[in-house]
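Here is a short report on one protein chain. Keep the model open as you read.

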Amino acid sequence: MKLLIIGAGGHGKVAADCAAKMQKYSEIFFIDELFPQVQKSGPWEIVGNMAGLNSLVDQNTEVFVAIGSNATRQRVSEELARLGNIPLATLIHPKTVLADHVTIGEGTLVCAGAIINISTTIGKGCIINTASSIDHDNSIGDYVHISVGARLAGTVEVGSQSFVCISATVANNIKIGNGVTVGAGAVVIRDVSNYQTVVGVPARPIKEVD
Ligand SMILES: CC(C)(COP(=O)(O)OP(=O)(O)OC[C@H]1O[C@@H](n2cnc3c(N)ncnc32)[C@H](O)[C@@H]1OP(=O)(O)O)[C@@H](O)C(=O)NCCC(=O)NCCS
């Protein structure tokens with residue numbers, strides 16, 4: 001099986017390294033809009049851009065969307081779904097800790113050192129980043145990014161397209177809406193409405209977008 005990764009930036013390299021550690025793929029390569037000006041990402045080749053996608057995918061190839069922006073990752077993933085018959089990869093680093101009864105949606109990346117505890121559901125197209133910790137009975141929506149070292153206690157809900165930034169902490173039984181940003185280092189102790197950005201300790205809103 002081969003792996004074609006869309007997006008050859010830093011996040012793409014992390015995804016490629018995770019895929020390599022999985023020892024599932026005989027070949028890993030990228031497409032990126034910077035091609036042909038840029039032809040390498042780390043040790044991996046960039047072989048084209050989105051326009052050439054169809055000619056690069058065969059029945060032996062899975063595709064992974066490695067785009068950090070939640071909204072763009074969702075848009076590109078949905079474009080792929082509309083094309084049909086393109087199998088999306090789900091990448092789970094072998095050095096993660098997954099408890100029983102955890103479900104992980106298609107197209108999600110779970111990075112090294114992440115811990116996902118029992119009875120938690122992770123949506124599709126998520127980034128569960130390095131050394132983040134998601135405890136029991138969480139429900140994480142689609143296209144969410146739980147960033148490096150973020151910690152979610154038990155029974156937390158996170159709505160689709162939300163971004164829990166680096167080292168943020170979310171207390172138990174909290175509901176975070178859709179399209180929320182929880183700032184770096186914030187400690188969330190109250191529910192957060194859709195599309196709010198909250199920062200600080202305890203976390204308070206700084207802005208709302210339409
Ligand atoms: C929350 C965040 C996304 C907001 O970014 P932004 O919309 O550009 O916000 P701004 O930089 O305009 O800051 C707005 C105000 O909030 C404050 N603020 C922003 N982020 C903050 C944070 N994490 N903690 C405390 N205050 C913060 C700023 O100091 C500023 O206050 P001021 O108006 O009094 O000067 C960003 O600050 C952040 O936390 N980024 C982390 C991203 C991350 O985790 N990256 C890792 C990817 S793997």
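## Two domains

Domain bounds here come from an automatic or database domain assignment. For this chain, that assignment gives domain 1 (2-89) and domain 2 (92-203). The model is a predicted one. The centres of the two domains, taken over C-alpha atoms, are 24 Å apart.

## Where the domains meet

How many residues of domain 1 are in contact with domain 2? There are 17, and they meet 18 residues of domain 2. The size of an interface is often given as the accessible area lost when the parts come together. Between domain 1 and domain 2, about 1300 Å² is buried. Carbon and sulfur atoms give 61% of that area. On the side of domain 1, Cys 18, Asn 70 and Arg 73 lose the most area to domain 2. Together they make up 35% of what that side buries.

What kinds of polar pairing cross this interface? Six residue pairs are in polar contact between domain 1 and domain 2, both residues having pLDDT 80 or more. The count of salt bridges across the interface is zero. Two elements of domain 1 give two or more residues each to the side that touches domain 2: α1 (10-22) and α3 (70-83).

## Nonpolar cores

In soluble globular proteins, nonpolar side chains tend to be buried together. The largest nonpolar core in this model has 27 residues. Ile 128, Leu 152 and Val 182 touch the most other members. Look at Val 182. Leaving out residues up to four places away in sequence, Val 182 touches Phe 163, Val 164, Cys 165, Ala 168, Ile 176, Val 188 and Val 198. Another core lies apart from the largest one and has 18 residues, among them Leu 3, Ile 28, Phe 30 and Leu 109.

## A buried isoleucine

Is Ile 127 buried or exposed? Ile 127 has a relative accessible area of 2%, so it is buried, since the cut-off for buried is under 20%. Ile 127 sits in strand β12 (residues 127-128). Its contacts beyond four places in sequence are His 11, Ile 67, Gly 68, Arg 73, Leu 109, Val 144, His 145 and Ile 146. Leu 91 is 36 residues from Ile 127 along the chain, and their C-alpha atoms are separated by 9.8 Å.

## Salt bridges

Side chains of opposite charge can pair when their charged atoms come close. The structure holds five salt bridges. One of them joins Asp 17 and Lys 21, at 2.8 Å from N to O. These two residues are four apart in helix α1, so about one helical turn separates them. Asp 17 is partly exposed at 31%, and Lys 21 is partly exposed at 42%.

Helix α3 holds another such pair, Arg 75 and Glu 79, four residues apart or about one turn. Their side chains meet at 3.0 Å, N to O. Arg 75 is partly exposed at 45% relative accessibility, and Glu 79 is partly exposed at 30%.

Which parts of the chain does the pair of Glu 62 and Lys 24 tie together? Their closest N and O atoms are 3.3 Å apart in a salt bridge. Glu 62 lies in strand β5 and Lys 24 in the loop between α1 and β2 (27-31), so the pair ties together parts 38 residues apart in sequence. Glu 62 counts as buried, at 12% relative accessibility, whereas Lys 24 counts as partly exposed, at 39%. Among the residues that Glu 62 touches beyond four places in sequence are Met 1, Leu 3, Tyr 25 and Pro 87.

Technical notes. Residues are numbered from 1 along each chain as its sequence is written. This is a predicted model: local features need pLDDT of at least 70, side-chain atom pairs count only at pLDDT 80 or more; totals for chains, interfaces and linings use all residues. Side-chain values use heavy atoms; hydrogens and water are left out. A nonpolar core is a set of buried Ala, Val, Leu, Ile, Met, Phe, Trp, Tyr and Cys residues joined through side-chain atoms within 4.5 Å. Buried means under 20% relative accessible area, exposed over 50%, partly exposed in between (1.4 Å probe, protein chains only). Contact means heavy atoms within 4.5 Å. Buried area is the accessible area (1.4 Å probe) that two parts lose on being put together, summed over both. A salt bridge is a side-chain nitrogen of Lys or Arg within 4 Å of a carboxyl oxygen of Asp or Glu. A polar contact is a pair of N or O atoms within 3.5 Å; within protein, one must be able to donate a hydrogen and the other to accept it, and residues adjacent in sequence count only if both atoms are side-chain atoms.
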